[in-house]
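Trainee: Could we go through this model together? I would like to start with single residues and then turn to the packing.

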Amino acid sequence: MRQQLVIVGAGPRGTGILERVAANAPALYGGPGLDIHLVDPHPPGGGRIWRQAQSPLLWMNSHAEDVTMFTDETVAMAGPVREGPTLHEWAELHGRTFADRQLQGRYLAWVYERALAELPPDVTVHHHPRRALRISGPDEGRQQVWLEGRPRPLLADLVILAVGHLDGELDAEQARLAAYAREHGLVHLPPDFTADSDLCALKAGEPVLVRGFGLAFVDLMVLLTEGRGGRYEGETYLPSGREPVLYVGSRRGVPYHSKIGYDWTGDRPPLPRFLGPAEVEELLARPGGFDFRRDVWPLIEKELGFAHYHRLFTAHPGRTTMAWADFEEKYAAAGGPDETRALVSGAVPDPADRLDLAALDRPLDAVRHASHDDFQKALEDYIEADLNRRHDPSHSPDLAVFLGLLSVYGQLVRLGDIGTWWHGFFSYLASGPPGPRLRQMLALSRAGVLRFVGAGMAVTAEDGVFRATSATVPGFGVEARALVEARLPEPTVGRTRDSLLRELHADGAAETPDGLLRVDPGDGRILDRTGRPHPRRFALGPYTDARAPGAFTRPRTGGPAFRQNDATVRAVLTFLTASYAKELAR
C-alpha cells in the first residue's frame, strides 16, 4: 500500500517542504510509493498571503535580489543543496527592484511546479483546495485529517502543518472596542491581513484612527490612497478626493526603518562572534532555564555591537582613534555594558557613530512637542533623515547591524519562544518598508492625508466616538468614528480561529507562555504538555516557537527556514522508510 503524507498549507513553507522532498527522497525514501496530499483553499505556491489575486499596488518589502526559495552552501543542513534563481533572476528584474506581490505569487507558483517536476516518479502530489478542520488518530497509527465539506478524512502516515498567518479571535481590549463600535454605529477593523480587510466603511474625508505603524499600515496607506485613485507626481501627492484622513500612531510612534538602499562592499563581519552555537547550547543546558533580558539580550547587544564596530573600524577608520585589532581585543574582554561604553567613548569620538540600541528602539522617549503641527513637522524631518541615512554608504555600519540581526535570529530560532518583543524589534530595524513608501508618507503628510499621533498611542471609546492621545503632544487628541488595528493577529494557538490548531491545543499540544505551539527544535515534531514529541505530527511556521525570521530568505545567509524544512523532511522520509521496512519484516 502506498504511503500517505498530508501537508496542511500550500504557501511558501509548504512549497519549500516539497522542494526538500524532491531533494532528499532519492537518497532517503525506500517505501512503496508516496502520495503527498497538499491541503489549502488557496493556490499552491503563493497560498493566502502571496496569492496572485490581490491588488497590484501592494509590494514586497524586500529587494528582488534578496528573495530566494532555493538553498545554497551556506545552509547548515544534512540534505543536498539544490540551487535555483532568486526572484530578480527568475523575473529578469533589476536586483534592487521591489516587486509587487502578484509577481512574487507567480514566482512561487513556478517554484511549486519545479518542485513537482523534480519529485521521484513514485511520489505524487494531490492538491485539495479545502480547509483542514482537525486531526485525529492514535499516536502509533494512521492519522485522520478532516477537511471542510468532505464526510471522510484523509488518511495519513504523517502530517506536517505548514500554515502561515491565521485569523485570530479578539483580545479583551479589541472585543471591548468592537462592542462599543456596534453599540454606537462606529467602525472597528481588528488585526487582519490588510489585503483581506473590507475598507469600504472608511469614508472619504473622515478621520480614521490607525494603531500600528509597520508593514500592515503601509498596505493600508496604499489601498486608501492610490487604491482610491490618488497619484504621485514626483514628491507631490494629488488626492482623488476619496481618501479618508489617517491619524496613525503606535508604541514607538514612528514608522519602521527604511530598507537600506546600497550594496555591501568589503569584508563582512565574521559572525557569529558572541552569540553562536556554543552560547546557545550553554543557554539550553542551564538547569533553571534562561531569562531573555538577563541572559540573552546582553549577548545580542554584544553581537550587534561587534558587527557595527567591525564595519566602522575597517571601512571608516578615520572616524576611530585606535586600530581594529586593539579595539576588538578590548571589546571582547569588556566585562559589562559600563566597560563597553567607556571603551567606545574613547575609541569612537562622534556619538553619532556609536551604536545605541535603546535610542534606536524608542526614538520618541521623553520627546515632547508643544503643538501637533510642531510634531508633524518633526516626524517628517525624522523620516527624511532616516531615508537619507539608510541610502548613504557612509553609514554602512547600519548594514553590518542588519547582517548581525540576521545572524542573531538564526541562532535564537533554536531557543524556542523568547517572547514577542524581540520579533518586533527585529522587524522594526531589519524588515521595514521600501524607501519609496516612506517618500510617499512624506508626500501624504504634506497633502494633509496622513497625520501623526505619537508614541504610546492610547485609544479610548467614549461620548460615542473613538479618541486617540499620545504623551508626545501633551493635551492633543483626535476623535474619529473609525479605528483600524493595523497589524496581523498574534499567532497564538489559544485565540486562533483555525479549528485545526484549536483542536490540537485542546488535545494536549503544548503552548508557550506567549501562545505559540511548542515543537521539537531539531525536526519540528509537535510536543505535548509533558515535552514528549508526537511521532506522526510536525509543525513549521510563525505560530510555532521555532519561527524563522521574515517571509523569505536572503541568498547566502544560512536560511534558518531552509534548515528547518530540510530537517523535518529528512525525519519524515526516514520514518516512512523505516515504517515500510518493519511492514516487510512482519
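Trainee: Which helix holds Ala 278?

Mentor: Ala 278 is found in helix H6, residues 277–285. Helices are DSSP runs of H or I with at least four residues, strands are runs of E with at least two, and both are numbered from the N terminus. Please note that this is a predicted model, in which local features need pLDDT of at least 70 and side-chain atom pairs count only at pLDDT 80 or more, while totals for chains, interfaces and linings use all residues. Residues are numbered from 1 along each chain as its sequence is written, and side-chain values use heavy atoms, with hydrogens and water left out.

Trainee: Is Ala 278 buried or exposed?

Mentor: Ala 278 counts as exposed because its relative accessibility is 56%. Buried means under 20% relative accessible area, exposed means over 50%, and partly exposed lies in between (1.4 Å probe, protein chains only).

Trainee: Why does Gln 174 count as buried?

Mentor: Its relative accessibility is 5%, so Gln 174 counts as buried. Gln 174 lies in helix H4, residues 172–184. Leaving aside neighbours within four places in sequence, Gln 174 is in contact (heavy atoms within 4.5 Å) with His 188, Pro 191, Glu 485 and Arg 487.

Trainee: Changing topic, how many residues has the largest nonpolar core?

Mentor: The largest nonpolar core has 112 residues, and those with the most contacts inside it are Leu 161, Phe 217, Ile 300 and Trp 422. Such a core is a set of buried Ala, Val, Leu, Ile, Met, Phe, Trp, Tyr and Cys residues joined through side-chain atoms within 4.5 Å. Helix H12, residues 397–412, gives the most to this core, with 10 residues. A second, separate core of 27 residues includes Val 21, Ala 25, Phe 538 and Ala 571.

Trainee: What does Trp 422 touch?

Mentor: Not counting residues up to four places away in sequence, Trp 422 touches Phe 292, Trp 297, Ile 300, Leu 405, Val 408, Tyr 409 and Leu 412.

Trainee: At what angle do H7 and H12 pack?

Mentor: Helix H7 (residues 292–315) and H12 pack at about 145 degrees, with their axes 8 Å apart. Axes are lines fitted to C-alpha atoms, for helices over the stretch in contact, and angles run from 0 to 180 degrees between N-to-C directions. Among the H7 residues that meet H12 are Ile 300, Leu 304 and Ala 307.

Trainee: Which residues of H11 are buried?

Mentor: In H11, the buried residues are His 372, Phe 375, Gln 376, Leu 379, Glu 380, Ile 383, Asp 386, Leu 387 and Arg 390. Seen down the axis of H11, they fall within an arc of 140 degrees, so they line one face of the helix. The arc is that of the directions from the helix axis to the C-beta atoms. The buried residues of H11 pack against H12, helix H13 (420–430), helix H14 (435–446) and strand E13 (450–455).
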